[in-house]
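Here is a short report for a first look at this structure. Keep the sequence and the model in view as you read.

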Amino acid sequence: MVMFAGDIDENVDFFFGEAERFPLLNAEQEQTIDQQKWDFAHQALLQLLKDPDGKDFVTEVCCAMLEQPANIEQFAQRNHYFTLKRDLKAIANSKSWLTPTQALIQAVQTGAPETEVLQRIEASQWPATFMVGLAIVAERACGRNRKDTLADALAIWNPSWQTWSFERKEALRRGLMGPVQGYLAARDKLVMHNVRLVYKLARENQNRGIAVRDLVQEGIIGLVRAAEKFDYRLGFRFSTYAYNWTNQHIQRVCEGNGSLVTYPTHVTQEVNALYRVRNEWMDRRGEEPSLAELAEHSGFTLERVRELTQLTNLTVSIQSDDDEDTNALPESALVDEAANPALEQAQSRSLKRLLEQQLKQLDRREQMIVTARWGLDGRPSRTLAQLADQLEVSRELVRQLEKSALRKLQVDTELNKAFKVLSA
């Protein structure tokens, strides 16, 4: 999945300034843009099928979907496997997909007219992301390097596809460039006209222990996914459809905050619901409820209540001290409006040297994360997602490493003394 077709500044604040240029769309405008997105996706697959080698390429991919499904053990990074499974699940496990796909392959192999092939493509019910992903794999084989997560997953599934032998490489590359660029532009247009929805949801959840910029980035990931999956033919408004995807991504990262073990979202939601019932009971009666009483008032079975209460490292109160915004670095103690500017600069330099010494005591990854997250190297601070991509780990692991490093720094006696001196 490509985040955006063009080069975007690393700073998430870019979107805050750009949002004013993209007003909300009405239903007719949403339908028009999404129709363009699907038309470009269909054209990308059509251009691939018009090429003799592209026809064989698409046929082999279809056969692999039916006969040799991807195995998770083939993927060093699990996110590639789940990206592939997510996009192919709707068609590979559906009997209704098989007949129109077989008809499409037969029409291609028998040299049917282009209009008939296009009709077969529209009836095949392939996800737009899958059609464009195939086109990007073909582009790479023709010498054009374009980023796309699904194309990466397809290449890992079968490396020979990315080096497929296309005799008319230049012609195919030119033919695919327009539809792929058009698809990305239409998708990004849907995203940018609804990005203020991300800000709204991020602001509503800004006091839950996650930096706002990270919430914005998570929300934009959900918004991009909504733009990829949305189908105007189902009769929904995109703004309504996108709300669920955006909110889901933001809630997922909020509910995982503070957990050493990451549980599925629905489990976290059940635990939160259970503890709300428990807290209400204690407020009213002043005593701890029994498991049977929790089951009666929460709607869960007794066995489910017992399972949920046995989970560890999960239930952290939204208002607890552990949920303070991690942006509240001890460096805030450096601000002193009444101080002498020269003295303040000297103190800052002294603290910076001390901080650099203490950072050397951290694990290599922790040191790199703290330095990058807070811009201690003089560069703009990086988000969890950017660091996760750089380290090739999950965003949650980056957040846990950051939290662990900050705790180590907070318990350092010498560093705390320096903070107290500078804040006096």
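## Model and confidence

This is a predicted model, in which local features need pLDDT of at least 70, side-chain atom pairs count only at pLDDT 80 or more, and totals for chains, interfaces and linings use all residues. Residues are numbered from 1 along each chain as its sequence is written, and side-chain values use heavy atoms, without hydrogens and water.

The protein chain averages a pLDDT (the predictor's confidence in each residue, from 0 to 100) of 78. At least 70 is reached by 78% of the residues. Residues 1-14 stay under 50. Residues 313-339 are also below 50. Where pLDDT is low, the predicted coordinates should not be read in detail.

## Nonpolar cores

A nonpolar core is a set of buried (under 20% relative accessible area, 1.4 Å probe, protein chains only) Ala, Val, Leu, Ile, Met, Phe, Trp, Tyr and Cys residues joined through side-chain atoms within 4.5 Å. The largest has 79 residues. Phe57, Trp126 and Phe130 have the most contacts inside it.

A second, separate core has nine residues, including Leu274 and Leu308.

## Helix 3 against helix 7

The axes (lines fitted to C-alpha atoms over the stretch in contact) of helix 3 (residues 52-67) and helix 7 come within 11 Å. They cross at roughly 125°, on a scale from 0 to 180 degrees between N-to-C directions. Phe57, Val61 and Met65 of helix 3 make the contact (heavy atoms within 4.5 Å) with Phe130, Leu134 and Val137 of helix 7.

Key: Buried < 20%, exposed > 50% of the residue type's maximum accessible area, 1.4 Å probe, protein only. Helix = DSSP H or I, 4+ residues; strand = E, 2+ residues; numbered from the N terminus.
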